Amino acid sequence: MKTAATSGRPDLPARPVPIRLVEAGQPLAERWYQPLLKPVRRPVEKVLQLLARSFPELLAAGLPPRAGLASALLFRVSSELGSRRPSGRALRDAATWFEFYNAKQFHRGARFSLQERRQLFRFHLDRASRLWKLLRRFDDAHGHAVLDLAIGAPERLSGTLWEGVEWLRAVAAAAALLGRIALPELEACCAQLSWLGQLWEHRLGSAPAPSERPIWLHPLAESCCRAADNLLQGSLPSGPRQLAHGHIPSDLSERLAPLLAESEPAPLLAGLQGCQRSQLSGQLAPLQPAVDMLVQQPGKRLRARLCLAAAEAVSPGARVAALPAAAAVESLHRLSLLIDDVIDAAPMRRHQPCLHRLTGPDFALAFAGFALLRLVRTTAGWPTNRREPWLQAVESLAEGERLEVRNSGDFGLGLPDCAAINGLKTARLFETSMRLGALAAGADAGRAVELARFGFGLGQAFQIVDDLLDYTGEAGVLGKQPGIDLRSGKLTVPLALLRDSLARRERRWLQGVFEAAGDATTLARIQRLMRAHRIPEQCRERARRWLTAPASPALEALAQRCLERLR
């Protein structure tokens with residue numbers, strides 16, 4: 001049987017991989033959180049076994065610190081506080097994602113092979129996609145209140161956010177959604193788990209001692225109290241790798257300050273950025289530098305411009321009414337780029353260091369998750385005919401990212417598959433941008449559909465040209481190094497066209513280069529082959545065929561610039 005290391009696909013072992021339920025000589029049954037774990041130990045161990053089968057390298061040295069704690073809390077909080085019984089699959093999906101996060105946290109800095117990194121991201125995106133679909137089911141007043149409590153509680157306006165506290169609050173929020181826990185009970189539970197999380201950080205030397213334990217008259221509080229006593233009295237093993245604490249870097253403002261100085265933006269851009277900040281910032285002041293970086297980074301802001309152009313095409317002067325929609329689609333696009341950069345290990349974007357290079361990939365991904373939840377909340381007041389397309393665009397982006405990572409390393413990927421991924425990752429957001437702009441300006445359903453159709457075709461065309469520039473562009477013009485798709489194993493339209501144009505011998509060479517993730521020398525040869533086989537001309541012609549009749553002269557000019565662009 002082919003393994004993930006040889007095939008590039010996340011095949012699982014046929015038989016369970018035994019994992020050591022001990023760590024640093026400490027059995028799982030004797031850890032400090034045993035009072036929380038004991039009533040649900042069997043389902044927790046099943047979750048850990050699933051993780052071990054999927055990623056034996058993460059657990060090769062034994063279970064990390066906190067292993068099983070998130071699962072135990074999910075199972076217990078949702079069942080003991082909830083008003084309904086959540087589905088077993090939903091609980092397992094959420095528990096597996098939290099355990100995966102925990103195991104990966106304690107292996108930060110470990111060197112993974114390209115195949116192992118792909119498998120990690122496949123698993124992460126697969127579970128994240130499932131959790132997003134679950135979140136869509138809870139898009140109601142209760143779900144919004146849970147998110148407000150989890151990501152924007154007033155007592156957390158400023159100061160340090162500790163990883164252990166945020167982690168346990170996220171577990172409580174997931175349990176509240178799955179079990180539909182009443183808000184007063186959830187508030188009491190979050191206060192108790194925040195206290196426990198800070199105590200954990202204090203024992204590790206990364207946080208001051210918490211204040212007096214909150215009073216919570218519930219049987220689960222007794223388990224938390226006994227776990228806290230164990231935590232105070234026992235010793236903490238360091239785990240396979242010592243965790244670098246501080247979910248939010250303490251010097252985040254200093255790290256990002258050089259990127260945040262800019263001249264006064266034009267009035268319309270200032271309005272767009274103001275809407276983005278309003279939608280993203282929430283009440284967690286420590287994250288504001290990351291929000292500012294996301295909003296102020298250079299870029300074309302094409303999706304926002306399309307949204308505003310669609311509004312103008314429907315009703316001249318309607319751009320201001322479309323600013324909130326333009327801000328939401330632009331922020332969503334930038335968050336997807338942030339995740340792309342982590343997956344691709346890209347160092348630069350638009351001549352600036354990527355966020356993950358300045359803060360670490362764990363913070364960058366966590367910030368992306370926080371910002372997405374903020375957008376879910378701040379768009380909750382939109383009319384259904386606008387909010388539903390936006391939510392569907394989020395789902396399409398997630399599915400496109402998942403499919404792209406799942407197919408990474410596949411040299412046989414067909415052109416229709418490339419178009420499907422481009423449709424999910426790029427064209428759908430272009431379509432949504434145009435639809436939302438039209439609706440904000442008061443367009444009827446027919447006019448909104450016409451503009452949306454134009455946006456989808458333009459998105460497909462744009463992505464083909466974008467993928468071409470990754471092979472033919474220059475670093476000084478692009479603002480990043482070309483060849484990122486080759487190095488990350490993504491087969492896109494230009495390379496697929498070249499593959500199908502080559503004779504057998506050259507095709508075998510290209511396959512070997514692709515599977516080995518290429519380098520500067522091989523990229524130069526690929527560029528010569530693309531010129532020889534007129535791949536740039538083929539790509540631009542294929543892009544042109546995606547375009548429908550433009551809805552206005554301004555949109556026609558914008559489409560032409562997309563086809564002819566060099567960056």
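User: Which residues is Glu330 in contact with, leaving aside its neighbours within four places in sequence?
Analyst: In this predicted model, Glu330 is in contact with Gln276, Arg301, Leu302, Arg303 and Ala304, where contact means heavy atoms within 4.5 Å. Residues are numbered from 1 along each chain as its sequence is written, and side-chain values use heavy atoms, with hydrogens and water left out. Since this is a prediction, local features need pLDDT of at least 70 and side-chain atom pairs count only at pLDDT 80 or more, whereas totals for chains, interfaces and linings use all residues.

User: What does helix 15 have to do with the largest nonpolar core?
Analyst: The largest nonpolar core has 116 residues, and Leu36, Leu74, Phe367 and Trp390 have the most contacts inside it. Helix 15, residues 323-344, gives the most to this core, with eleven residues. Such a core is a set of buried Ala, Val, Leu, Ile, Met, Phe, Trp, Tyr and Cys residues joined through side-chain atoms within 4.5 Å. A second, separate core of 31 residues includes Phe411, Leu413, Leu468 and Ala543.

User: What makes Phe367 and Phe370 a tilted aromatic pair?
Analyst: Rings of Phe, Tyr and Trp (its six-membered ring) pair if their centres lie within 6.5 Å, with planes under 30 degrees apart counted as stacked, over 60 as edge-to-face and the rest as tilted. The count by this rule comes to ten aromatic pairs. Phe367 and Phe370 stand 6.5 Å apart centre to centre with 35° between the planes, so the pair falls in the tilted class. Both residues are buried, and both lie in helix 17, three residues apart, about one turn of the helix.

User: How do you know that the charged end of Arg499 sits over the ring of Phe411?
Analyst: A charge sits over a ring if NZ of Lys or CZ of Arg is within 6 Å of the ring centre and within 35 degrees of the ring normal. The charged end of Arg499 is 6.0 Å from the centre of the Phe411 ring, while Arg66 lies over the face of Trp167 at 4.0 Å from the ring centre.

Methods
Helix = DSSP H or I, 4+ residues; strand = E, 2+ residues; numbered from the N terminus. Buried < 20%, exposed > 50% of the residue type's maximum accessible area, 1.4 Å probe, protein only.
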